[in-house]
Amino acid sequence: GFPGTVVGALLSVCLMLHSWPLCGGHGGPWNHISWFVSCLFAFYVTFDWWYRILVKPLRTVRGCLMVFILCYAAACPAYLVCRYYTVNLWNFGDGFGQQYSQFAYTHPLTHFASFVGGMVAAPIVGHVDLLMSEGRLPGVAEVVVRWGFTGAVAFLCCLFVFSSPWRRYLFWWNGGLLPVHCILIGAAALNQDPLLAIVENRFLVFGGTISYPLYILQ
């Protein structure tokens, strides 16, 4: 199937389609690490459609929270498949394991729940901002707004320094970190966390800006 040949793979990378085929090689050997750009492109071109279908009908913050919880639960299936079938994602002699991991790592379908989770989280952050401006923010929410960015960064550091993330790799990869990332981004958008004063340093911003381009061009 497509992209089947080296030329087809090159064409798929140029068109940013290399993460779309099921187990299609995600563009290799032509800079396959840019699969994430292809995945984002799929969500970009379908964003308005999915927003009208899945987010616009949600009239309340409670509805958004319910959908967000479902999106978080969707992080489990890929990991459970690995557990049930004892799939070793790092065994290159396991044909099924390699095909499955390639699909689970790169295909937009496996990241769709995170995509929707981000869309429904945006109205929640907007509601929190409104409550904050009116001085009606509950105490717990105020703590999250004030220290959520710092807490999320600390959690990620502890996870990857002191834990063994590869044991639950697909869980984390396919949305297990969705709440942490949403708190990280939401707290940064609300701009109340004292750690933001450090990470907004222009040298750190410049380093972050060029890091991914350098990665995909290596």
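Axes here are lines fitted to C-alpha atoms, for helices over the stretch in contact, and the angles between N-to-C directions run from 0 to 180 degrees. Helices (H or I, at least four residues) are DSSP runs numbered from the N terminus, as are strands (E, at least two). The model is predicted, with local features requiring pLDDT of at least 70 and side-chain atom pairs counted only at pLDDT 80 or more, while totals for chains, interfaces and linings use all residues. Residues are numbered from 1 along each chain as its sequence is written, and side-chain values use heavy atoms, leaving out hydrogens and water.

**Helix packing**

The axes of helix H5 (residues 95-106) and H8 come within 9 Å and cross at roughly 30°. H5 therefore counts as roughly parallel to H8, given that angles under 35 degrees are classed as roughly parallel, over 145 as roughly antiparallel, 65 to 115 as roughly perpendicular and the rest as oblique. The contact (heavy atoms within 4.5 Å) joins Tyr100, Ala104 and Tyr105 of H5 to Tyr169, Leu170, Trp173 and Asn174 of H8. These residues divide into six nonpolar, one polar and no charged, where Ala, Val, Leu, Ile, Met, Phe, Trp, Tyr, Cys and Pro count as nonpolar, Asp, Glu, Lys and Arg as charged, and the others, Gly among them, as polar.

For H3 and H9, the axes come within 10 Å and cross at roughly 130°, which makes H3 oblique to H9. Phe68, Cys71 and Tyr72 in H3 meet Leu178, Pro179 and Cys182 in H9, and this contact of H3 with H9 has six nonpolar, no polar and no charged residues.

**Pockets**

A pocket is an open set of points on a 1 Å grid over the protein atoms alone, where a 1.4 Å probe fits, with protein on both sides within 12 Å along at least five of seven lines; lining residues have an atom within 4 Å of a point. Grid points are joined across faces, edges and corners, and a volume is the space filled by probe spheres set on the points.

| Pocket | Volume |
|---|---|
| Largest pocket | about 730 Å³ |
| Second largest pocket | about 350 Å³ |

Of the 26 residues lining the largest pocket, Phe36, Ser114, Phe115, Leu178 and His181 are the closest to its centre. H6 gives the largest share of this lining of the largest pocket, six residues, and by class the lining has 20 nonpolar, six polar and no charged residues.

The second largest pocket is lined by 15 residues, of which Ile124, Val125, Val144, Cys182 and Ile183 are the closest to its centre. In the second largest pocket, the largest share of the lining, six residues, comes from H9, and the lining divides into 14 nonpolar, one polar and no charged residues.
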